[in-house]
Amino acid sequence: MTDNSPLLEVREISKYFGSVNALQKISLSVNAGEVTCVLGDNGAGKSTLIKILSGVFSPDVGQFLVDGAEVRFTSPRDARNAGISTVYQDLAMVPLMSIWRNFFLGSEPTKGWGPFRRFDVAKAKALTSKELLAMGIDVRDPDQAVGTLSGGERQSVAIARAIHFGARLLILDEPTSALGVKQAGVVLRRIAQAREMGLGVIFITHNPHHAYPVGDRFVVLNRGQSLGNFSKQEISREDLVRLMAGGAELEALSHELERPLPDNPIAEAQENA
Amino acid sequence: MSTPSLPVDDERLTSTGWLTRTLRRPALGSLVGAIVVFVLFAITDSTSKHLWLSSTGFAAWSQQAAFFGIMAVPVGMLMIGGEFDLSTGGMTGFTAIITALLVGQLGWNAWAAIVVTVLFAALIGFINGYVVTRSRLPSFIVTLATYFALRGLSIGGVLLVNHGSTEIGVGTGTHPGLDSAKAIFGSSFLKSPDLPNGFQTAILWFVVVTIIAVWVLGRTTFGNWVFAVGGDLDAARNVGVPVNRTKIALFMSTSIAASLVGIISFTQSSNAVSEQGVGYEFYYIIAAVVGGCLLTGGYGSVVGAALGACIIGMAFQGVIYSGWDSSWDFTFLGIILFLAVGTNTVIYRRAMKARR
């Protein structure tokens with residue numbers, strides 16, 4: 001293990017489900033303090049890739065390296081022990097429960113011994129507030145039910161939780177897809193914060209406008225294949241959008257959807273042509 | 001300020017004011033309900049000595065409440081955990097019969113009989129929980145099956161071993177340990193000239209069960225898991241909560257509580273009747289729902305369930321003291337249930353509303 005080896009790297013991994021090539025020769029890497037974005041439309045193979053990175057599946061072919069050393073995860077627990085934490089779309093939070101109860105769910109701090117071992121509620125509340133404040137999240141009241149939080153706040157709590165439990169690398173599965181513009185902004189700010197804290201982030205999304213501002217590297221997937229692996233200097237936002245949407249396809253689509261403005265001679269001319 | 005700042009402290013204060021905090025308590029509806037019902041029967045009380053407000057009245061309704069409450073509290077916890085147990089009423093009768101058989105017919109030491117009864121109840125609870133978690137069938141169906149199986153066993157089994165009688169007593173003669181068991185489970189305390197029969201020990205058990213449940217639910221890791229498995233099973237599983245173990249433990253707690261009720265009723269009267277407890281499972285569920293436990297799980301309060309049991313106890317006794325026909329109990333309970341669910345839903349929606 002060397003200091004400058006990436007936190008996580010996969011080299012030419014492939015995954016087959018029967019005769020279906022779910023992923024073909026995908027390579028990506030993420031360094032500490034960097035954000036690698038994985039972009040792709042529905043069915044591009046993003047979900048399969050996440051499942052491999054988080055230890056749910058093993059790749060059929062290819063190398064999987066953590067800190068420069070090859071590893072083979074057999075369960076999500078292996079990945080978590082290696083400091084790789086996945087924040088899923090469904091967030092693994094219980095809406096009816098308070099923030100502090102959710103924060104420590106499944107890993108509750110305890111005090112006392114024997115039959116009097118109990119949930120250290122004071123510690124849980126204090127730690128929750130502290131961790132959320134460290135991320136700059138103002139949850140007016142940790143007793144508030146998670147269900148009453150906005151989508152962006154919920155994602156923020158989930159990210160703060162992953163960081164608290166020792167994550168060095170966050171895998172965020174479409175964290176902005178169900179959110180409005182403002183809420184998506186909140187989540188993007190969290191991603192930037194995690195990056196500043198020295199964590200590696202793999203940000204999976206189908207929205208290049210969300211990916212471009214925070215991303216350092218971009219991997220674009222299409223039908224299980226990589227369309228390229230770019231650093232930010234190598235690609236402009238426009239190119240990313242075009243690549244993502246399949247270039248020519250989008251242009252054809254916009255042409256099809258465009259409507260001639262009334263009294264527009266150019267449009268009329270085009271229509272008559 | 002250069003960075004967009006979050007709302008100022010003022011908003012923070014108003015959003016967690018005492019009113020919101022109070023409304024967020026799921027037990028609030030049942031507390032208000034209990035006070036209303038208490039005052040109502042104080043007004044309608046038609047006994048010559050105004051017994052409702054005397055210690056006699058208090059002892060009368062609280063002992064009924066105790067029998068409902070010892071069950072309503074674990075049943076409420078199970079509902080918070082997202083499951084139902086319809087076998088509870090039948091279990092109270094069945095466990096009383098087991099103890100009665102062991103003591104009365106087989107001549108066991110009463111304490112040994114009690115231990116075996118509790119272990120047996122734990123086993124039934126384990127089976128309920130195991131079948132529910134493994135088969136993924138609704139607990140409603142699984143425990144309904146248990147209920148019918150137990151009920152058949154209670155009636156048929158007792159008729160078989162008891163030569164045609166549905167009642168099992170201890171008969172005459174000495175029964176080792178029965179007196180001490182009676183002192184712990186089936187006696188009374190605080191006897192006075194005004195109240196020659198005192199308060200039943202069952203009331204103390206009710207208090208003990210409630211305190212344990214409050215502590216477990218609010219202050220232990222297990223309690224956190226109970227809310228989680230009822231609130232969102234997949235999320236709970238994803239973060240590593242042992243969901244099956246949690247549910248099985250909940251089913252075992254309702255069964256063990258049922259055996260406690262069975263043991264108390266047996267030691268009180270020194271006999272057991274096979275039809276005992278049949279139909280009571282609905283009172284337990286009513287008490288829990290009145291207490292703010294959501295039918296869909298994930299939310300509720302054991303204090304609320306205990307207060308719900310008090311409301312039911314008061315209803316049964318209050319109807320008698322008011323000189324009404326006791327058939328009105330059911331109508332009264334129906335109305336209470338309806339009002340409570342309505343109130344709780346309003347409170348719940350208010351508490352869950354995003355305050356932004």
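Trainee: Is A:Glu12 buried, partly exposed or exposed?
Mentor: This is a predicted model, in which local features need pLDDT of at least 70, side-chain atom pairs count only at pLDDT 80 or more, and totals for chains, interfaces and linings use all residues. Residues are numbered from 1 along each chain as its sequence is written, while chains are lettered from A and ligands numbered from 1 in the order in which they are written. A residue is buried if 20 or more other C-beta atoms, placed from the backbone, lie within 10 Å of its own, exposed if 12 or fewer, and partly exposed in between. A:Glu12 has 13 other C-beta atoms within 10 Å, so A:Glu12 is partly exposed.

Trainee: Which strand holds A:Glu12, and which residues does A:Glu12 touch beyond four places in sequence?
Mentor: Helices (H or I, at least four residues) and strands (E, at least two) are DSSP runs numbered from the N terminus, and A:Glu12 is found in β1 of chain A, residues 8–17. A contact means that two C-beta atoms, placed from the backbone, lie within 7 Å. Not counting residues up to four places away, A:Glu12 touches A:Lys25, A:Ser27 and A:Gly62.

Trainee: What is the phi of A:Glu12?
Mentor: Most residues other than glycine have a negative phi. A:Glu12 is not a glycine, yet has a positive phi of about 50°.

Trainee: Where does B:His50 lie, and is B:His50 buried or exposed?
Mentor: B:His50 also is not a glycine and has a positive phi of about 50°. B:His50 lies in the loop between α3 (28–44) and α4 (55–80) of chain B. There are 12 C-beta neighbours inside 10 Å, so B:His50 counts as exposed.

Trainee: Why is strand β9 of chain A largely enclosed by the rest of the structure?
Mentor: On one side of β9(A), A:Leu169, A:Ile171 and A:Asp173 are buried, and on the other A:Leu170 and A:Leu172 are buried, which leaves both faces covered. The strand covers residues 169–173, and it is largely enclosed because the buried residues number five of the five.

Trainee: How many bridges join β9(A) to β6, and how many to β10?
Mentor: Two strands pair if DSSP finds at least two bridges between them. β6 (residues 84–87) of chain A pairs with β9(A) in the parallel sense over four bridges, and A:Thr86 has A:Ile171 as its bridge partner. On β10 (residues 200–205) of chain A, A:Val201 stands opposite A:Leu170. The numbers of bridges are four to β6(A) and five to β10(A).

Trainee: What is the handedness of the crossover from β9(A) to β10(A)?
Mentor: The chain leaves β9(A), passes through helix α6 (residues 181–196) of chain A and reaches β10(A). With the strands pointing away from the viewer, a clockwise path from the first strand over the helix to the second counts as right-handed. This β-α-β crossover is right-handed.

Trainee: How are α9 and α14 of chain B oriented to each other?
Mentor: Axes are lines fitted to C-alpha atoms, for helices over the stretch in contact, and angles run from 0 to 180 degrees between N-to-C directions. α9 (residues 201–219) and α14 (residues 302–321) of chain B pack at about 155°, with their axes 9 Å apart. Angles under 35 degrees count as roughly parallel, over 145 as roughly antiparallel, 65 to 115 as roughly perpendicular and the rest as oblique. α9(B) and α14(B) are therefore roughly antiparallel.

Trainee: Is B:Val302 buried or exposed?
Mentor: B:Val302 is found in helix α14 of chain B. Beyond four places in sequence, B:Val302 is in contact with residues including B:Val73, B:Gly76 and B:Met77, and also B:Thr210 and B:Leu217. With 32 other C-beta atoms within 10 Å, B:Val302 is buried.

Trainee: What radius of gyration does chain B have?
Mentor: The secondary structure of chain B comes to 15 helices and four strands, and 50% of its 356 residues count as buried. The radius of gyration is taken over C-alpha atoms, and the globule rule is 2.2 Å times the number of residues to the power 0.38. For 356 residues a compact globule would have a value near 21 Å, which agrees with that of chain B, 22 Å.

Trainee: What share of the residues in chain A is buried?
Mentor: Chain A has ten helices and twelve strands. Of its 273 residues, the buried ones make up 40%.
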